[in-house]
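Subject: Handover of a structure

Dear colleague,

Please find the structure below, together with its sequence.

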Amino acid sequence: MKKAPSVLLVALMLLSVLSACSSNTAPAPAPAPAEQSQASSAESAQPAPAPAEPAEDDGLLVGFASAAANVFFDGIEVGLKNIFEPLGGQVIRADADGSVVTEMANVENFITMGCDLVVITPFDSAGSCEAIRKLNDANIPVVCSVGVPDGDCEYLTVVKSDDVNSATVLAEWVFEQMNYEGEVVIVEGRQSSDCIDRCDGYIAACEKYGIKIAGSFMDEGLSVASCQNAVENLMTAHPNAKAVLGYCGFVLPGAIAAFQSMGIEDVICVDVDGLPAETDLIKSGEAAHCAVVGQSPVDFGETAANIFLEYLEDPSTTFEPITLVPTTLITKDNVDEWDAYDYSL
């Protein structure tokens, strides 16, 4: 079992990244989209490191402990490979499939394989800490992505977007369409920090603008079908709701399917992710009255990879707890410009 990257490995990485990364000076942050406000001061954030230059084969073995098998996590894998494969590294992915038990088994397998680095997207904010502690005990550096662990474990940073801000931007957009009148419903999701933060952002915005939350539904399926069921339940119970506020990128496609099956035409839906299934509906006109906040999963993966390279250059480097990636409000007016999913595995 490898306890840490070898001295030779670090030396080789130094040769490849010295010109692109510096342990003394942080790279300039990417500009935030015009539609988004500045990140919440409650989250300490640093800009993403600059991409590294390709180098000779160094044999890095990188484990990617993904929360689930879907297009968003595919994009994170692509981002990791974009950085590590030109350096001769290998990225091994294992999906938790909605189970902290499976997540733990995947992490234990990465340790047995002797992975040099692990990126984990915590499935459960509290439950995933045990798996991260296993990596800590094995002296394997960890970068978290998407969600923030809630417990006693160590990691270099969490690469994520500002989920509270994303929900706030969406809520304010919806309220403007509603003329700041009426009520909304919320589709909530799994107990990971990103889902919790988005719902907290919606709730805070409703309180700020005096918008009534008629009801909420906890989706546990993390799929279009389960989100359709959630929306159908909510709209049956609260037929006067003017908007559905969703926790992830499966809510909009599920909502449109629910609206069509129920004969609903004028209810708005918003959510966070910007998946192709969402943007295709906006482009086609079926969801032209809706909006999403898009985040690029490839950016998540590339940012996590460059954090590791900066760490390998100087293991004494410390990072901010949160490393933010930018997001974009996507409506019918700019949907054709959104290309974050133009990739292939």
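Among contacts in the protein (heavy atoms within 4.5 Å) between residues at least 6 apart in sequence, 76% join residues at least 24 apart. Please note that this is a predicted model, in which local features need pLDDT of at least 70 and side-chain atom pairs count only at pLDDT 80 or more, while totals for chains, interfaces and linings use all residues. Residues are numbered from 1 along each chain as its sequence is written, and side-chain values use heavy atoms, with hydrogens and water left out.

The secondary structure comprises 10 helices and 13 strands; these are DSSP runs numbered from the N terminus, helices being H or I of at least four residues and strands E of at least two. Of the 345 residues in the protein, 55% are buried, that is, under 20% relative accessible area, where exposed means over 50% and partly exposed in between (1.4 Å probe, protein chains only).

Two helix pairs may be described in turn. Helix H2 (residues 71-84) packs against helix H10 (residues 297-313) at an angle of about 40°, their axes being 6 Å apart. Axes are lines fitted to C-alpha atoms, for helices over the stretch in contact, and angles run from 0 to 180 degrees between N-to-C directions. H2 is therefore oblique to H10; angles under 35 degrees count as roughly parallel, over 145 as roughly antiparallel, 65 to 115 as roughly perpendicular and the rest as oblique. The residues of this contact include Phe 72, Gly 75 and Ile 76 of H2 and Pro 297, Phe 300 and Glu 302 of H10.

Helix H3 (residues 100-113) and helix H4 (residues 129-137) have axes that come within 9 Å and cross at roughly 10°, which means that H3 is roughly parallel to H4. Here Met 104, Val 107, Glu 108 and Ile 111 of H3 meet Glu 130, Ala 131, Lys 134 and Leu 135 of H4.

The structure also holds 5 aromatic pairs, counted where rings of Phe, Tyr and Trp (its six-membered ring) have centres within 6.5 Å; planes under 30 degrees apart are stacked, over 60 edge-to-face and the rest tilted. The rings of Tyr 341 and Tyr 343 have centres 6.0 Å apart and planes at 35°, so this pair is tilted. Tyr 341 is buried, at 11% relative accessible area, whereas Tyr 343 is partly exposed at 22%. Ring pairs also link Phe 72, Phe 73 and Phe 300 into a cluster.

Yours sincerely
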